[in-house]
Amino acid sequence: MRNLTFMLITEQEFKYIENNFLNSSYFQTVSWGGLKSLTGWSSFFVAVYDGEKFVAASLLLSKNVFFGKKIFYAPRGFLCDFNDLDLLEFFTINIKKFVKSNGGFFFKMDPLISYCDRDLNGNVVGENNNMVLVKFLKSLGYKHMGFTTGFSNDIQFRWSFYLNLDKSYNLFDGMDKRCKRCIRKSDIYPYVVREVDDSNLSDFKSIMEHTCNRHNCYDRSLDYYVQIMKSFREKAKLLIIYLVRDEFLKSFEGDKLYDKIKMDNRDFIPVTAGVFIVDSNSLHYVYGGTFKDYMAFNFQYKMQFLMINYALSNNLSVYDFGGISGDFNKDSKSYGIYEFKRGFGGYVVEYIGEFDLVVNYIYYLLYRYLFKFYSVLKSFVLSVKKKTEVFSFYRLPCLLVSLVGIFLLLYLLHK
């Protein structure tokens, strides 16, 4: 007979178990909680005991949104066996009570659980999927947010691209011809790889900011990147690949980028940057960027090649290339990101998605409305800032009307 107990645990207790559970990842760590504190999130650590044994745990992030009401989020879901349905039900019931007693009006999670097996090209392999789990979570009161595609700045991606590694793995065997050609081309140029520290933070930030502007999204703050280094320490690697200017000018006079490089007076010219985090058995490519004018050097391929070999040399079993959109149409705007990652070999991972557990429906609906408005406004500001889209004058009145509606709703609720 099971004797399950739900309780709040300390940060030190969570540190002891965070990398030793099913579905563990860097998202479910004290370090990730510390990083998210920069953007207004507070951390709670909860667990379930069966007698004296830990059987489930989770980092819960919490943020105030309005009237002292909070949202709660378990990044990448609970640390537990999602096939243990009784445990999952017990944990959910107590999470809902915990959220309610701490001023929360809904709880969100996006478990690190795949929905179905897929191959290199995104095709479904076999007939098995996790629809049974999706239906069970819905029976517990969760609202499934759908089998979505695309990217968002506000939640974790639902699709990823993985590469399984072992000691006998030969990286070149799995690559396509284009990827091999790009890596060989990158080898002909003189470069150095440097870890990010106080002396080159500005170089790193300039690459990341440029890349975000190019993709019409917001970059994270400089403090955010610094906090990654502080929170994860030896588990995080922030790297820059520099072109060595003098050696390039000596040997590549006929190169199409020769004049541009000659005009740059820096001895080492930053080209490509990346953020990588190690967890229990994987190396994750978290953020990255490259200056568009210098993409012809193919250092973005070299960065991945170097880090996959780093994973191999450290006996890690998985290399996670990070998010893809899940849209495999060659005409889609995001297809290039997928094509880049697919070139190294590997397979597509589709997660089961987001689940919302609602505690107060009035506040939840208001939040959804506010969030939708925020997303539209953010997209509008980005499009104007980038000046690559035609300014749509009809959008501004619509946004103003929406804003008035929001304030009216807030007034009525507060009253």
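Reader: Which residue just after helix 4 takes a positive phi?
Author: This is a predicted model, in which local features need pLDDT of at least 70, side-chain atom pairs count only at pLDDT 80 or more, and totals for chains, interfaces and linings use all residues. Residues are numbered from 1 along each chain as its sequence is written, and side-chain values use heavy atoms, with hydrogens and water left out. Helices (H or I, at least four residues) and strands (E, at least two) are DSSP runs numbered from the N terminus. Just after helix 4, a positive phi of about 110° is taken by Gly141.

Reader: Which residues of helix 4 are buried?
Author: Buried means under 20% relative accessible area, exposed over 50%, and partly exposed in between (1.4 Å probe, protein chains only). The face of helix 4 turned away from its buried side carries the exposed Val132, Lys135 and Ser139. Within helix 4, spanning residues 131-139, the buried ones are Leu133, Val134, Phe136 and Leu137.

Reader: How far apart in sequence are the parts tied together by Lys108 and Asp356?
Author: Lys108 forms a salt bridge (a side-chain nitrogen of Lys or Arg within 4 Å of a carboxyl oxygen of Asp or Glu) with Asp356, their closest N and O atoms being 2.7 Å apart. Lys108 lies in strand 5 and Asp356 in strand 16, so the pair ties together parts separated in sequence by 248 residues.
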